[in-house]
Amino acid sequence: MRAGSGRLRNRIGLLLLALPSVAFAQALPDASAAGAVFQRMQQLCVADDGKAWGVSLCGPVLLVDPASRQFVASMDGTDTALERDGPVFRGRLPDSVPVANTAVGWNGRTWTMLMLPLPEDPVARSILLMHEAWHRIQAGIGLAAAHADQDQLETEQGRTALRLELRALAAAVEATSAEQRRQASADAMTFRAWRQARYPEAAAAEDAMERHEGIAEYTGRILAQDDALETRLAAHLRRGDAVTAYARSFAYYTGPAYGVLLDRAAPGWRSGWNRKDGLPQLLAAVLGVQAEAGDAAFQRAGARHGLAEVEAGEGARARHQAGVVAALRTRLVDGPVLVVPVNGASFSFDPNRVTPLPPQGSVYGVIRAAAAWGVLEVRGDGLLSTDWKRLSVAHTGARQTAAGWEGDGWVLNLAPGWMLQPGARQGDWTLRRQE
């Protein structure tokens, strides 16, 4: 799932990734153009023939315009017939189904959903197709969708160590000798060990997201038939070095890097993987590397990957971000808020706009939640609680509309029979059914 479903599908509904920051109506492809996309996806998964994960990645596909919710499908629904248009099918997704690059259960099938427009670059498009196709089969191969907060990746130390790790991984992917690759890989694991020693809960959280989004991105890249896989992956890692928010996006970079390095060091590693060990731990075992978590090792490795530059940049960012976080806390924790229950809701969000706000949760710059009470669309910061049961938006200035309520950066469309009521704290509001 992309910058991606849940991204916990069975427990909290759909956790869908990669909403666009702004959704504009996108002309749906004609039957021929859509058919070409479906054919390319079929070609790629047939070429794999189940070798990557022991099962076929082929399956039903939806191409969806996020603004209009109109779609083109590769096959008919089973619960409700769709409109046939030559070799493809058309329709409109109900409001209860979030739109994202992900896998989604709807109309009797588990679909690979792809948001329009698709990447124009053929390789980037193929990577996306196989990334999302993997999400459709992941639960069946023992890698269920996961959610794990990454508070450490909003801290100055955590970000510094991650950026150095990305640089070292790029060097390892591009290395021309086994010794260079081993040294750069060891450096990457030193940076990770140093970070995780300072944030003890980080190891399990980071491993979980790499098994989820990291493996999806890795699968997309190894099955895209990319003749320049390493070169393109190294460039991807260098772009990751400039990312502003890592809390939900880091695994799109680290996951494919560790996977490709494992392919080089231990071809066939996937068949013996117990689905529990983290990818860096697997690589360390294969290479015979014992990552050091001490400051001296960190400094030595850091000198090879621009530590001084990264520390200077992250220090400046931390000073600026302190004001951003304080403002978010004022609006979404201290100020009056509308709190809606989202346990069991369907979600979609932009993984590139997530700011941890511990201990309350994380602030999503773009998030959509759909539940029995209706749909809440947030385009200006919503606080999702750590336990994923409550979504809060600033209530100051909120006004009633024909469909529900709207406020600064959010719109709430209420289902029939639901209304706002005062919350537990004075000035707060929540939802309840009308009697």
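**Reading a predicted fold: loops, helix pairs and cores**

Guide: Let's start with Arg 69, which sits in the loop between strand 2 (61-64) and strand 3 (70-73). Keep in mind that this is a predicted model.

Visitor: Okay, what is the phi of Arg 69?

Guide: Phi of Arg 69 is near 70°, a positive value in a residue other than glycine.

Visitor: And is Arg 69 buried or exposed?

Guide: Buried counts as under 20% relative accessible area. Arg 69 has a relative accessible area of 7%, so it is buried.

Visitor: What about the phi of Asn 107?

Guide: Asn 107 isn't a glycine, yet its phi is positive, at about 55°. You'll find Asn 107 in the loop between strand 6 (102-106) and strand 7. With a relative accessibility of 9%, Asn 107 counts as buried.

Visitor: On to helices. What describes two packed helices?

Guide: Two things: the angle between their axes and the distance between the axes. Helix 4 passes helix 5 in a left-handed crossing.

Visitor: Which residues in helix 4 meet which in helix 5?

Guide: On the helix 4 side they include Ala 161, Leu 162, Glu 165, Ala 168 and Leu 169, and on the helix 5 side Arg 181, Ala 184, Ala 188, Phe 191 and Trp 194 are among them. By class, the contact of helix 4 with helix 5 has 11 nonpolar, 3 polar and 6 charged residues.

Visitor: And at what angle do helix 5 and helix 8 pack?

Guide: Helix 5 (residues 178-198) and helix 8 (residues 251-265) pack at about 140°, and their axes are 12 Å apart. That makes helix 5 oblique to helix 8. Their crossing is left-handed. In the contact, Arg 181, Ser 185, Ala 188, Met 189 and Arg 192 of helix 5 meet Thr 254, Tyr 258, Leu 261 and Arg 264 of helix 8. Those residues divide into 4 nonpolar, 2 polar and 3 charged.

Visitor: Let me read the next pair. What is the angle between helix 7 and helix 8?

Guide: Helix 7 (residues 229-240) and helix 8 pack at about 150°, with their axes 9 Å apart. They are therefore roughly antiparallel to each other. Helix 7 passes helix 8 in a left-handed crossing. The contact includes Leu 233, His 236 and Leu 237 of helix 7 and Tyr 253, Ala 257 and Val 260 of helix 8. By class, it has 8 nonpolar, 2 polar and 2 charged residues.

Visitor: Now the inside. What tends to be buried together in soluble globular proteins?

Guide: Nonpolar side chains do, in such proteins. Here, the largest nonpolar core has 77 residues, and those touching the most other members are Trp 53, Leu 63, Met 130, Trp 134, Ile 215, Leu 237 and Trp 269. Helix 4 (residues 156-174) gives the most to this core, with 9 residues.

Visitor: What is Trp 134 in contact with, leaving aside neighbours within four places in sequence?

Guide: Trp 134 is in contact with Trp 53, Leu 57, Ile 141, Leu 143, Arg 211, His 212, Ile 215, Ala 216 and Thr 219. There's also a second, separate core of 27 residues, including Ala 345, Leu 376, Val 378 and Ala 398.

Visitor: Where is the place of Leu 376?

Guide: Leu 376 is in strand 13 (residues 374-378). Its relative accessible area is 0%, so Leu 376 is buried. Not counting residues up to four places away in sequence, Leu 376 touches Val 340, Ile 367, Leu 391, Val 393 and Trp 410, among others. Leu 376 and Glu 406 are 30 residues apart along the chain, and their C-alpha atoms are separated by 9.3 Å.

Note on methods: Residues are numbered from 1 along each chain as its sequence is written. This is a predicted model: local features need pLDDT of at least 70, side-chain atom pairs count only at pLDDT 80 or more; totals for chains, interfaces and linings use all residues. Side-chain values use heavy atoms; hydrogens and water are left out. Axes are lines fitted to C-alpha atoms, for helices over the stretch in contact, and angles run from 0 to 180 degrees between N-to-C directions. Helices (H or I, at least four residues) and strands (E, at least two) are DSSP runs, numbered from the N terminus. Angles under 35 degrees count as roughly parallel, over 145 as roughly antiparallel, 65 to 115 as roughly perpendicular and the rest as oblique. A crossing is left-handed if the near helix is turned anticlockwise from the far one by less than a right angle, and right-handed if clockwise. Contact means heavy atoms within 4.5 Å. Ala, Val, Leu, Ile, Met, Phe, Trp, Tyr, Cys and Pro count as nonpolar, Asp, Glu, Lys and Arg as charged, and the others, Gly among them, as polar. A nonpolar core is a set of buried Ala, Val, Leu, Ile, Met, Phe, Trp, Tyr and Cys residues joined through side-chain atoms within 4.5 Å. Buried means under 20% relative accessible area, exposed over 50%, partly exposed in between (1.4 Å probe, protein chains only).
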